[in-house]
Amino acid sequence: MCTVPRGTAVSTTAPRLELATIVRRYGDAYRRTHRLARVQRRALHAIETCRTAALGGHRKTCDHCDGVRLTYNSCRNRHCPKCQTLVKERWLAARRADLLPIPYFHVVFTLPHSLNALAQGNPRVLYTLLFRAAADTLLTFGRDARHLGGTIGITAILHTWGQNPSQHLHLHCLVTGGALAADGSQWIAGRSSFLFPVRALSTVFRAKYLAGLQRVYAAGALTFAGGTAHLASPRAFTGFLGQLRAIDWIVYAKRPFAGPEQVLNLGRYTHRVVLSMIASSSIATGASGSAGRTTPTMTA
Ligand SMILES: [Zn+2]
Ligand SMILES: [Zn+2]
């Protein structure tokens with residue numbers, strides 16, 4: 001049974017201000033004044049045409065009344081907020097269903113900002129290393145008999161941006177406050193207020209990440225350009241690793257005060273197209289700024 005009044009055609013109602021509105025209004029000017037990579041051009045096109053007649057659609061008629069619903073096709077581009085919202089909500093529902101009635105901890109591994117430029121040129125390699133080094137570190141501590149002595153469960157969420165649109169690479173991990181014994185016969189419960197010592201986690205994480213970085217460098221899997229071009233030299237790269245080894249890496253570990261869902265909800269803030277906050281707020285309020293302020297900047 002549908003709730004559409006008889007014989008009426010209904011299209012999806014759009015929120016008052018959305019990214020597509022901004023792209024439709026300023027996209028052409030932006031394209032004229034900026035050199036865009038192929039992925040950025042495709043993302044802009046996808047965002048402005050998503051769920052419009054340009055992508056085609058279908059007409060659904062209710063079996064019980066004459067209600068007609070027109071739905072337009074989605075672009076499925078990974079930078080499109082409309083499409084990603086659905087993907088993320090499905091992911092969240094599946095992760096929520098995985099939750100056990102046990103305490104959980106929120107552990108955050110942050111990469112030093114001196115790795116930002118290298119990550120921009122090699123995102124896949126550096127992000128994969130972040131997942132591996134963080135998971136290896138947590139699993140190592142979990143297996144240690146001085147801590148839990150078994151296999152812990154981890155869900156990890158990559159964030160590449162902080163509160164403001166500047167690069168801030170960090171991995172949020174939801175970690176079980178207990179472990180499964182090696183033979184699978186029992187659950188080993190941990191302490192309710194403490195998981196692992198953060199300073200020790202930080203040291204092991206740094207060592208594992210830098211060992212991984214050395215490996216991918218030796219395998220020729222890194223590309224160097226622009227601000228990182230000098231690191232192509234083995235001597236410079238070794239010096240760079242030495243600098244990274246000499247600083248403290250930040251690891252946070254606490255019980256999430258609002259439960260494990262609080263950490264899973266951070267999965268909503270991944271894959272985001274970063275839009276200049278000044279631009280979006282001045283458009284939202286109708287404020288007339290200078291040309292620079294009202295031109296959204298887009299980083300894919
Ligand atoms: Zn879309
Ligand atoms: Zn975050």
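This is a predicted model: local features need pLDDT of at least 70, side-chain atom pairs count only at pLDDT 80 or more; totals for chains, interfaces and linings use all residues.
Local features here need pLDDT of at least 70 and side-chain atom pairs count only at pLDDT 80 or more, while totals for chains, interfaces and linings use all residues. Residues are numbered from 1 along each chain as its sequence is written, and side-chain values use heavy atoms, with hydrogens and water left out.

Let's start inside. A nonpolar core is a set of buried Ala, Val, Leu, Ile, Met, Phe, Trp, Tyr and Cys residues joined through side-chain atoms within 4.5 Å. Buried means under 20% relative accessible area, exposed over 50%, and partly exposed in between, with a 1.4 Å probe and protein chains only. The largest core has 40 residues, and Leu115, Phe205, Tyr209 and Leu213 touch the most other members. Several elements supply at least two residues each, including strand S4 (104-110) and helix H6 (198-218); helices and strands are DSSP runs, numbered from the N terminus, of at least four residues (H or I) and at least two (E). Helix H5 gives the most, with 8 residues. Apart from this core lies another, of 12 residues, Leu19 and Cys80 among them.

Now, which residues hold the zinc ion (ligand 2) as protein donors? They are His159 (ND1), His170 (NE2) and His172 (NE2), at 2.0 to 2.1 Å. Donors are N, O and S atoms within 2.8 Å of the metal (3.2 Å for Na, K and Ca), and sites may look incomplete, as water is not among the atoms. His170 and His172 are both buried.

On to the rings. Rings of Phe, Tyr and Trp (its six-membered ring) pair if their centres lie within 6.5 Å; planes under 30 degrees apart are stacked, over 60 edge-to-face, and the rest tilted. There are 9 such aromatic pairs. Phe237 and Phe240 have ring centres 6.2 Å apart and planes at 55°, so they are tilted. Phe109, Phe205, Tyr209 and Trp249 form one aromatic cluster.

Finally, salt bridges: a side-chain nitrogen of Lys or Arg within 4 Å of a carboxyl oxygen of Asp or Glu. The structure holds 7. Arg268 forms one with Glu89, the closest N and O atoms being 2.6 Å apart. Arg268 sits in the loop between helix H8 (260-264) and strand S10 (274-275), and Glu89 in helix H3 (residues 81-98), so the pair ties together parts 179 residues apart in sequence. Arg199 and Asp248 also meet, at 3.8 Å, N to O. Arg199 is exposed at 62% relative accessible area, and Asp248 is exposed at 56%.

Note on methods. Chains are lettered from A and ligands numbered from 1 in the order in which they are written.
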